[in-house]
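Grab a pencil and have a look at the model shown here. Try each exercise yourself before you read the solution.

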Amino acid sequence: MNDISSLAASTLQDRTVVIFGGTSGIGLASAIQAKAAGAKVIVVGFNPEGAERVATENGFNGWRAADVTKPETIAQALADIPHVDHLVLLAGTFVAGKVLDAEVEYLKRAFDERIWAAVHTLRTLGERLASDGSVTFISGALADRPSAQGTAVLAAASAAMEAFARGLALELAPIRVNTLSPGTTDTPLLSRTLGTHRDAYVAALTEKLPQRRLGTAEEAGAAVVFLMSNGFMNGETLHIDGGARLV
Ligand SMILES: NC(=O)c1ccc[n+]([C@@H]2O[C@H](COP(=O)([O-])OP(=O)(O)OC[C@H]3O[C@@H](n4cnc5c(N)ncnc54)[C@H](OP(=O)(O)O)[C@@H]3O)[C@@H](O)[C@H]2O)c1
(Lines give C-alpha, C1' and ligand atoms only; values in the text may rest on other atoms or scores of the structure.)
Protein backbone atom coordinates (compact mmCIF):
# COMPACT_ATOMS: atom_id res chain seq x y z
CA MET A 1 0.00 0.00 0.00
CA ASN A 2 1.48 3.42 -0.91
CA ASP A 3 1.50 6.48 1.39
CA ILE A 4 -1.65 8.09 0.02
CA SER A 5 -3.75 4.96 0.22
CA SER A 6 -2.49 4.19 3.73
CA LEU A 7 -3.45 7.75 4.75
CA ALA A 8 -6.91 7.22 3.25
CA ALA A 9 -7.22 3.87 5.02
CA SER A 10 -6.21 5.28 8.40
CA THR A 11 -8.52 8.30 8.02
CA LEU A 12 -11.58 6.65 6.53
CA GLN A 13 -11.68 3.36 8.45
CA ASP A 14 -15.23 2.86 9.78
CA ARG A 15 -16.22 6.45 8.94
CA THR A 16 -19.60 7.07 7.34
CA VAL A 17 -19.33 8.49 3.83
CA VAL A 18 -22.49 9.64 2.02
CA ILE A 19 -22.10 10.24 -1.72
CA PHE A 20 -24.87 11.97 -3.68
CA GLY A 21 -24.28 10.84 -7.27
CA GLY A 22 -22.50 7.75 -5.93
CA THR A 23 -24.40 5.37 -8.21
CA SER A 24 -22.55 6.15 -11.45
CA GLY A 25 -19.39 7.59 -12.97
CA ILE A 26 -17.13 9.69 -10.75
CA GLY A 27 -19.34 9.23 -7.69
CA LEU A 28 -19.40 5.44 -8.02
CA ALA A 29 -15.62 5.32 -8.48
CA SER A 30 -15.28 7.49 -5.34
CA ALA A 31 -17.63 5.16 -3.44
CA ILE A 32 -15.69 2.03 -4.44
CA GLN A 33 -12.37 3.57 -3.40
CA ALA A 34 -13.75 4.97 -0.12
CA LYS A 35 -15.09 1.50 0.70
CA ALA A 36 -11.70 -0.03 -0.15
CA ALA A 37 -10.19 2.41 2.37
CA GLY A 38 -12.51 1.01 5.06
CA ALA A 39 -15.35 3.55 4.98
CA LYS A 40 -19.02 2.71 5.46
CA VAL A 41 -20.44 4.03 2.21
CA ILE A 42 -24.02 5.09 1.49
CA VAL A 43 -24.74 6.08 -2.11
CA VAL A 44 -27.57 8.34 -3.22
CA GLY A 45 -28.81 8.27 -6.81
CA PHE A 46 -31.79 9.55 -8.73
CA ASN A 47 -33.04 6.17 -9.86
CA PRO A 48 -33.97 3.84 -6.93
CA GLU A 49 -33.57 0.55 -8.85
CA GLY A 50 -30.14 1.59 -10.11
CA ALA A 51 -29.05 2.73 -6.64
CA GLU A 52 -30.12 -0.55 -5.04
CA ARG A 53 -28.39 -2.61 -7.74
CA VAL A 54 -25.13 -0.67 -7.52
CA ALA A 55 -25.09 -0.79 -3.71
CA THR A 56 -25.73 -4.54 -3.70
CA GLU A 57 -23.15 -5.28 -6.40
CA ASN A 58 -20.46 -3.29 -4.61
CA GLY A 59 -21.29 -4.20 -1.02
CA PHE A 60 -21.99 -0.63 0.09
CA ASN A 61 -23.57 -0.03 3.49
CA GLY A 62 -26.69 1.46 2.02
CA TRP A 63 -28.39 3.32 -0.77
CA ARG A 64 -31.00 6.03 -1.04
CA ALA A 65 -32.83 7.74 -3.88
CA ALA A 66 -33.50 11.47 -4.10
CA ASP A 67 -33.96 14.23 -6.61
CA VAL A 68 -31.49 16.85 -5.44
CA THR A 69 -33.61 19.58 -7.05
CA LYS A 70 -36.42 18.66 -4.60
CA PRO A 71 -35.45 19.45 -0.98
CA GLU A 72 -38.14 17.20 0.52
CA THR A 73 -36.61 14.16 -1.17
CA ILE A 74 -33.17 15.07 0.21
CA ALA A 75 -34.71 15.22 3.69
CA GLN A 76 -36.38 11.83 3.19
CA ALA A 77 -33.16 10.23 1.94
CA LEU A 78 -31.17 11.43 4.95
CA ALA A 79 -33.88 11.02 7.60
CA ASP A 80 -32.56 7.79 9.15
CA ILE A 81 -28.83 8.47 8.84
CA PRO A 82 -27.77 9.57 12.33
CA HIS A 83 -24.22 10.67 11.60
CA VAL A 84 -22.16 11.56 8.52
CA ASP A 85 -18.39 11.93 8.59
CA HIS A 86 -17.77 12.77 4.94
CA LEU A 87 -20.34 14.18 2.54
CA VAL A 88 -19.72 14.17 -1.20
CA LEU A 89 -22.08 16.07 -3.51
CA LEU A 90 -21.58 15.06 -7.14
CA ALA A 91 -25.15 14.52 -8.34
CA GLY A 92 -25.87 16.42 -11.50
CA THR A 93 -26.45 16.51 -15.22
CA PHE A 94 -24.92 18.40 -18.13
CA VAL A 95 -27.19 21.44 -18.33
CA ALA A 96 -26.45 22.99 -21.72
CA GLY A 97 -28.30 25.70 -23.56
CA LYS A 98 -27.56 29.14 -24.92
CA VAL A 99 -28.59 32.03 -22.72
CA LEU A 100 -30.62 33.70 -25.49
CA ASP A 101 -32.37 30.49 -26.62
CA ALA A 102 -32.87 27.95 -23.84
CA GLU A 103 -35.75 27.91 -21.36
CA VAL A 104 -34.74 29.86 -18.26
CA GLU A 105 -36.35 27.22 -16.00
CA TYR A 106 -34.07 24.60 -17.58
CA LEU A 107 -30.95 26.76 -17.23
CA LYS A 108 -31.76 27.35 -13.55
CA ARG A 109 -31.33 23.61 -13.07
CA ALA A 110 -27.53 24.04 -13.24
CA PHE A 111 -27.72 26.01 -10.00
CA ASP A 112 -30.53 23.90 -8.49
CA GLU A 113 -28.47 20.70 -8.86
CA ARG A 114 -25.35 22.30 -7.43
CA ILE A 115 -25.65 25.37 -5.18
CA TRP A 116 -29.22 24.90 -3.94
CA ALA A 117 -28.90 21.13 -3.59
CA ALA A 118 -25.82 21.71 -1.42
CA VAL A 119 -27.62 24.33 0.67
CA HIS A 120 -30.57 22.00 1.31
CA THR A 121 -28.38 18.97 2.01
CA LEU A 122 -26.20 20.84 4.51
CA ARG A 123 -29.23 22.35 6.25
CA THR A 124 -30.88 18.93 6.40
CA LEU A 125 -27.84 17.30 7.99
CA GLY A 126 -27.04 20.17 10.35
CA GLU A 127 -25.32 18.87 13.48
CA ARG A 128 -25.29 15.32 12.08
CA LEU A 129 -22.23 16.26 9.98
CA ALA A 130 -19.11 15.46 12.02
CA SER A 131 -17.02 18.47 13.03
CA ASP A 132 -13.83 16.59 12.03
CA GLY A 133 -15.34 15.54 8.71
CA SER A 134 -15.46 17.01 5.23
CA VAL A 135 -17.67 18.13 2.38
CA THR A 136 -16.61 17.68 -1.24
CA PHE A 137 -18.31 19.44 -4.15
CA ILE A 138 -17.89 19.05 -7.90
CA SER A 139 -17.25 21.84 -10.41
CA GLY A 140 -15.52 21.22 -13.75
CA ALA A 141 -12.93 22.58 -16.15
CA LEU A 142 -15.73 24.65 -17.69
CA ALA A 143 -15.48 26.95 -14.70
CA ASP A 144 -12.12 28.13 -16.07
CA ARG A 145 -12.54 27.34 -19.76
CA PRO A 146 -16.15 27.81 -20.89
CA SER A 147 -17.12 27.02 -24.47
CA ALA A 148 -19.33 28.85 -26.95
CA GLN A 149 -21.65 25.82 -27.14
CA GLY A 150 -24.20 26.83 -24.54
CA THR A 151 -22.24 26.16 -21.37
CA ALA A 152 -22.10 29.67 -19.90
CA VAL A 153 -24.68 28.98 -17.17
CA LEU A 154 -23.16 25.60 -16.26
CA ALA A 155 -19.73 27.28 -16.15
CA ALA A 156 -21.15 29.90 -13.80
CA ALA A 157 -22.77 27.26 -11.56
CA SER A 158 -19.50 25.29 -11.49
CA ALA A 159 -17.42 28.35 -10.59
CA ALA A 160 -20.03 29.19 -7.95
CA MET A 161 -19.42 25.83 -6.26
CA GLU A 162 -15.74 26.68 -5.89
CA ALA A 163 -16.53 30.06 -4.30
CA PHE A 164 -19.23 28.46 -2.16
CA ALA A 165 -16.72 25.88 -0.85
CA ARG A 166 -14.26 28.61 0.14
CA GLY A 167 -16.97 30.51 2.01
CA LEU A 168 -18.25 27.37 3.71
CA ALA A 169 -14.75 26.35 4.79
CA LEU A 170 -14.97 29.40 7.07
CA GLU A 171 -18.68 29.22 7.89
CA LEU A 172 -18.69 25.50 8.78
CA ALA A 173 -15.17 25.36 10.28
CA PRO A 174 -13.63 23.09 11.46
CA ILE A 175 -15.47 20.98 8.87
CA ARG A 176 -13.31 21.01 5.72
CA VAL A 177 -14.94 21.95 2.41
CA ASN A 178 -13.30 21.41 -0.98
CA THR A 179 -14.21 21.18 -4.65
CA LEU A 180 -13.00 18.75 -7.30
CA SER A 181 -12.77 20.23 -10.78
CA PRO A 182 -12.46 17.46 -13.39
CA GLY A 183 -11.81 17.86 -17.07
CA THR A 184 -13.87 15.77 -19.44
CA THR A 185 -14.10 12.36 -17.81
CA ASP A 186 -15.18 9.13 -19.44
CA THR A 187 -18.44 8.31 -17.64
CA PRO A 188 -22.00 7.39 -18.66
CA LEU A 189 -22.81 11.12 -18.62
CA LEU A 190 -20.96 11.61 -21.92
CA SER A 191 -23.03 9.12 -23.92
CA ARG A 192 -26.23 10.30 -22.28
CA THR A 193 -25.46 13.91 -23.17
CA LEU A 194 -23.93 13.46 -26.62
CA GLY A 195 -25.72 10.33 -27.86
CA THR A 196 -24.46 9.31 -31.28
CA HIS A 197 -22.08 12.31 -31.39
CA ARG A 198 -20.06 10.97 -28.44
CA ASP A 199 -17.26 9.27 -30.37
CA ALA A 200 -16.72 12.15 -32.80
CA TYR A 201 -16.69 14.63 -29.90
CA VAL A 202 -14.20 12.55 -27.93
CA ALA A 203 -11.92 12.07 -30.96
CA ALA A 204 -11.82 15.81 -31.69
CA LEU A 205 -11.26 16.68 -28.04
CA THR A 206 -8.56 14.12 -27.27
CA GLU A 207 -6.54 15.25 -30.28
CA LYS A 208 -6.16 18.64 -28.56
CA LEU A 209 -5.49 17.39 -25.03
CA PRO A 210 -1.88 17.10 -23.77
CA GLN A 211 -2.41 13.47 -22.77
CA ARG A 212 -4.51 12.59 -25.84
CA ARG A 213 -7.17 10.95 -23.70
CA LEU A 214 -10.05 11.67 -21.35
CA GLY A 215 -9.74 11.23 -17.62
CA THR A 216 -11.15 8.08 -16.06
CA ALA A 217 -13.77 7.93 -13.34
CA GLU A 218 -11.23 6.05 -11.20
CA GLU A 219 -8.72 8.92 -11.45
CA ALA A 220 -11.36 11.47 -10.46
CA GLY A 221 -12.62 9.14 -7.70
CA ALA A 222 -9.10 8.87 -6.26
CA ALA A 223 -8.98 12.67 -6.12
CA VAL A 224 -12.30 12.76 -4.22
CA VAL A 225 -10.94 10.26 -1.69
CA PHE A 226 -7.80 12.36 -1.35
CA LEU A 227 -9.87 15.48 -0.60
CA MET A 228 -11.97 13.72 2.01
CA SER A 229 -9.11 11.90 3.71
CA ASN A 230 -6.34 14.51 3.81
CA GLY A 231 -7.09 16.51 6.95
CA PHE A 232 -5.25 19.63 5.82
CA MET A 233 -7.03 20.09 2.48
CA ASN A 234 -9.53 22.88 3.02
CA GLY A 235 -11.17 25.58 0.91
CA GLU A 236 -9.36 24.16 -2.11
CA THR A 237 -10.28 23.51 -5.72
CA LEU A 238 -8.39 20.46 -6.93
CA HIS A 239 -8.12 20.33 -10.73
CA ILE A 240 -7.85 16.92 -12.37
CA ASP A 241 -7.95 17.58 -16.08
CA GLY A 242 -4.75 16.17 -17.56
CA GLY A 243 -3.62 19.71 -18.38
CA ALA A 244 -6.78 20.57 -20.35
CA ARG A 245 -6.73 24.14 -19.05
CA LEU A 246 -3.30 24.68 -20.63
CA VAL A 247 -4.42 24.18 -24.23
N1 LIG B 1 -17.99 13.46 -16.74
C2 LIG B 1 -17.45 14.66 -16.92
O3 LIG B 1 -16.77 14.92 -17.93
C4 LIG B 1 -17.64 15.75 -15.88
C5 LIG B 1 -16.79 16.86 -15.93
C6 LIG B 1 -16.97 17.86 -14.99
C7 LIG B 1 -17.97 17.77 -14.04
N8 LIG B 1 -18.78 16.69 -14.03
C9 LIG B 1 -19.84 16.63 -13.02
O10 LIG B 1 -19.56 15.53 -12.18
C11 LIG B 1 -20.79 15.02 -11.65
C12 LIG B 1 -20.82 13.52 -11.86
O13 LIG B 1 -20.72 13.30 -13.26
P14 LIG B 1 -20.52 11.87 -13.92
O15 LIG B 1 -19.83 12.12 -15.18
O16 LIG B 1 -19.97 10.93 -12.93
O17 LIG B 1 -22.06 11.55 -14.29
P18 LIG B 1 -22.94 10.24 -14.24
O19 LIG B 1 -22.16 9.01 -14.49
O20 LIG B 1 -24.10 10.56 -15.14
O21 LIG B 1 -23.47 10.21 -12.73
C22 LIG B 1 -24.37 11.19 -12.27
C23 LIG B 1 -24.84 10.82 -10.89
O24 LIG B 1 -25.71 11.86 -10.41
C25 LIG B 1 -26.99 11.29 -10.09
N26 LIG B 1 -28.00 12.31 -10.38
C27 LIG B 1 -28.19 13.00 -11.53
N28 LIG B 1 -29.21 13.87 -11.39
C29 LIG B 1 -29.67 13.72 -10.13
C30 LIG B 1 -30.71 14.32 -9.37
N31 LIG B 1 -31.50 15.27 -9.87
N32 LIG B 1 -30.88 13.91 -8.08
C33 LIG B 1 -30.11 12.95 -7.54
N34 LIG B 1 -29.10 12.34 -8.20
C35 LIG B 1 -28.90 12.72 -9.47
C36 LIG B 1 -27.10 10.06 -10.96
O37 LIG B 1 -28.07 9.15 -10.44
P38 LIG B 1 -28.76 8.06 -11.44
O39 LIG B 1 -27.63 7.17 -11.90
O40 LIG B 1 -29.76 7.37 -10.59
O41 LIG B 1 -29.37 8.87 -12.56
C42 LIG B 1 -25.66 9.53 -10.86
O43 LIG B 1 -25.45 8.90 -9.62
C44 LIG B 1 -21.92 15.77 -12.38
O45 LIG B 1 -22.40 16.78 -11.52
C46 LIG B 1 -21.22 16.37 -13.58
O47 LIG B 1 -21.84 17.57 -14.02
C48 LIG B 1 -18.63 15.66 -14.91
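Residues are numbered from 1 along each chain as its sequence is written. The model is predicted, so to speak: local features need pLDDT of at least 70, side-chain atom pairs count only at pLDDT 80 or more, and totals for chains, interfaces and linings use all residues.

**Exercise 1. Which strands pair with β1, and is β1 buried or exposed?**

Step 1: Find the strand. β1 covers residues 16-20; helices (H or I, at least four residues) and strands (E, at least two) are DSSP runs, numbered from the N terminus.

Step 2: Check burial. A residue is buried if 20 or more other C-beta atoms lie within 10 Å of its own, exposed if 12 or fewer, and partly exposed in between, with C-beta atoms placed from the backbone. Five of the five residues of β1 are buried, so the strand is largely enclosed by the rest of the structure.

Step 3: Sort the directions. Thr16, Val18 and Phe20 point one way, Val17 and Ile19 the other. In a regular strand, side chains alternate between the two faces of the sheet.

Step 4: Look for partners. Two strands pair if DSSP finds at least two bridges between them. β1 pairs in the parallel sense with β2 (residues 40-45) over five bridges, and also in the parallel sense with β4 over four. Val18 stands opposite Ile42 in β2 and opposite Leu87 in β4.

Step 5: Leu89 has Phe137 in β5 as its bridge partner.

**Exercise 2. Which residues of the largest nonpolar core touch the most other members?**

Step 1: Know what to look for. A nonpolar core is a set of buried Ala, Val, Leu, Ile, Met, Phe, Trp, Tyr and Cys residues joined through C-beta atoms within 7 Å.

Step 2: In the core of 65 residues, they are Val17, Ile19, Val41, Val43, Val88 and Leu89.

Step 3: Zoom in on Val41. Two residues are in contact if their C-beta atoms, placed from the backbone, lie within 7 Å. Leaving aside neighbours within four places in sequence, Val41 is in contact with Val17, Ile19, Ala31, Ala34, Lys35, Phe60 and Asn61.

**Exercise 3. How many residues surround the ligand, and which helix supplies the largest share?**

Step 1: Count the shell. There are 29 residues around the ligand, and the closest are Gly25, Gly45, Gly92, Gly140 and Thr187.

Step 2: Compare helices. α2 (25-36), α3 (48-58) and α7 (188-194) each supply at least two shell residues. The largest share, three residues, comes from α2.

Methods: A residue is near a molecule or strand if its C-beta atom, placed from the backbone, lies within 6 Å of it.
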